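Subject: Structure for you to look at

Hi,

Here is the structure I said I would pass on.

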Amino acid sequence: MSQDGVGQPGPNLAAGAQGSTSQDPLDSTLTGSASHERNHRPDKPSIGVLLSVLGVVYGDIGTSPLYAFKSSLQFFDAQSTTPVEVMGVLSLIVWSLIFIVTVKYVMLVMRADNRGEGGILALMALAQRVSAGERVKGAIALVGIAGACLFFGDGVITPAISVLSAVEGLEVSAPELKFYVLPICVAVIFGLFAAQYKGTGNVGRVFGPIMVVWFLIIGALGLLEILKHPFVLLALSPSYAVELCIVYKGLAFFVLGAVVLCVTGAEALYADMGHFGARPIRITWLTFVLPALVLNYFGQGALMIRDAAAIENPFYLLGPQWLRLPMVILATAATVIASQAVISGAFSMARQCMQLGFLPRLTVRHTSTMEEGQIYVPQINHALAVGVILLVLSFKTSDSLASAYGIAVTGTFLCTAILAMVVFRRAFRWSRGAAISVFGLLFLVDIVFFSANTVKIIEGGWVPLVLGIGLTTAMTSWKRGRDLLLQRWRQSSMPLKPFLDRLPQSRIIRVPGVAVFMTGNPEFVPTSLLHNLKHNKVLHENVLFVTVENLYVPEVSQARRADFSELAPGIFRVSLRYGFMESPNIPRDLEELSDRINVRVAQASYFLGRDVLVPGMAPKLSWWRRTLFLMMARNAVPATEFFRIPSDRVVELGVRITI
């Protein structure tokens, strides 16, 4: 059975990759502090770094004032909204920002970095490394994958609701253009996704200044209205939130489902930690972004108390008439930035899922020669583009789409709370009581917000649920199928040691040249080698058995990338290690190893196995999972492209495998 494949654990489908579910053998020290390799950053971040943080991290949560406050008030009488209702909603919003974003993410979760990296999959990998038992690790993986799949759902909804809410400002500034809102939205979204293949490097340079202008303007507009009605600041007291819940009871529960829109994008603070470090994100949030958001929300609240008719669009009506059209343009730019951040995050998430073995090979193109993290994944880009445009055309307004938004956000919050509790309990040595008390309370808040959004499933909440369940099913099916293939291969493969022992006495002819055989398990003979001997009856003078290990760490330093051992004269075992945020490049890394093993691999021939998967008589996968797995396998990107192996140096040998 073949074991050549794709950069993931398993036989051919894993292109010689080997998963690593145990603690990283390269570093026995648990992560979770600022002492890791990627965290060697200045204590005082530069202005340039802070600007970059504003442009990359806060696009999503920074544009939430466009729709969050308005959506939260839609449950009350639009013609006679009372100060109690307005003040209660404002109190809920500000304390959600404090409790969920500031306390949960900024103060706690951002401490749990995986060698400087953040995000739901990095947290999952860290939780698995500090846990014991395959069942526990399997449950942790399921939680992490569920959170990742909900993130993909968020990636479809965020561009749709953000761009819609921005362009809807035309209905306020130029009512005669109302019928052009949808066409303009579709055009903006189409242009956004069409430009992804060029990368974000050049555009990223202007993201920061645009977001600085955005936060300054929305904060200033809110402050001007607050100065006219300063009593609105009393809503900083949580008593108004409590009063709203007591007075309106069941209705307040529905309001919570909309209030959560003010914290969309909170996960980005943690996910983008690897790019900038925790300190710049904390500084910009506490000193600039949070004050600007609170000022704008309270300004909208003061406007609503003064004029209940402003419910039509309190964000745009907050400014003077002459500023509304420029604000539409600025808001559209800000929402494009927010969408770009989510799209780039989806590309990164897809690559991580591939490296961790939950997705088949996808095309990964690097759009920058300087930044490893700037990538483009065409399949993900096309799927997102179709999904976003369909959502815009189906829901038509940001108010309607708001119903679909909360499920994805709160579901990810729940997954993060569960994984963080495991990490803080085991990696940070918190007592059981402390971990359960702190993260149990956070989980309780998250479950309340999630429950409040479940009542909107029929109205649109089904969208992220369907996407999340579908993607989770696909990922777990792929993982299970690969594990079964690996099991079958181990049962029928030839151990390497007896093969090497018999080699000197054999009549196999050694010919000049270098042959590279990809293998998923270095203790067994690659099937592609056995087939080569069967058909060609020769063995190259220099042979490299190459195994790719995908570690549960973000990146592996170049010094630790490769190691080797000589098994027999001219026969070497080579291990290449990659983190889940890296893309393998086999020829480059083997060439860097050439001097150490005294073998020139520049013109080596690469022998890969091409698995032909067919249903077995007694399959261990249900028919629908087997069908799904086979479909995903057939559509996987060739190993040559995934590993960046020149196609003119590859020899493929086919193997029929039943599953």
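Predicted model: local features only at pLDDT ≥ 70, side-chain atom pairs only at ≥ 80, totals over all residues.

Residues are numbered from 1 along each chain as its sequence is written, and side-chain values use heavy atoms, with hydrogens and water left out.

Salt bridges to begin with. With a salt bridge taken as a side-chain nitrogen of Lys or Arg within 4 Å of a carboxyl oxygen of Asp or Glu, the count is 9. One of them pairs aspartate 446 with lysine 104, with 2.6 Å between the closest N and O atoms. Aspartate 446 sits in helix H19 (residues 432-454) and lysine 104 in helix H4 (residues 83-108), so this pair ties together parts that are 342 residues apart in sequence. (Helices are DSSP runs of H or I with at least four residues, strands are E runs of at least two, and both are numbered from the N terminus.) Aspartate 446 is buried at 2% relative accessibility, and lysine 104 is buried at 1%. Here buried means under 20% relative accessible area, exposed means over 50%, and partly exposed lies in between (1.4 Å probe, protein chains only).

Now for aspartate 563. This residue lies in strand S6 (residues 562-568) and is partly exposed at 30% relative accessibility. Its salt bridge with arginine 577 has the closest N and O atoms 2.7 Å apart. Arginine 577 is in strand S7 (residues 571-578), so the bridge ties together parts that are 14 residues apart in sequence. Arginine 577 is buried, with a relative accessible area of 11%. Glu549 joins Asp563 and Arg577 in a network of salt bridges. Beyond its neighbours within four places in sequence, aspartate 563 has contacts (heavy atoms within 4.5 Å) that include Val574, Ser575 and Arg596.

Another pair is aspartate 595 and arginine 600, which form a salt bridge at 2.9 Å, N to O. Aspartate 595 is exposed at 59%, and arginine 600 is exposed at 55%.

Last, helix H18 (residues 398-426), which holds arginine 426. Threonine 412 is also placed in helix H18 and is buried at 5% relative accessibility. Leaving out neighbours within four places in sequence, threonine 412 touches Gly147, Leu150, Phe151 and Glu267. Arginine 426, by contrast, is partly exposed at 43%.

Cheers
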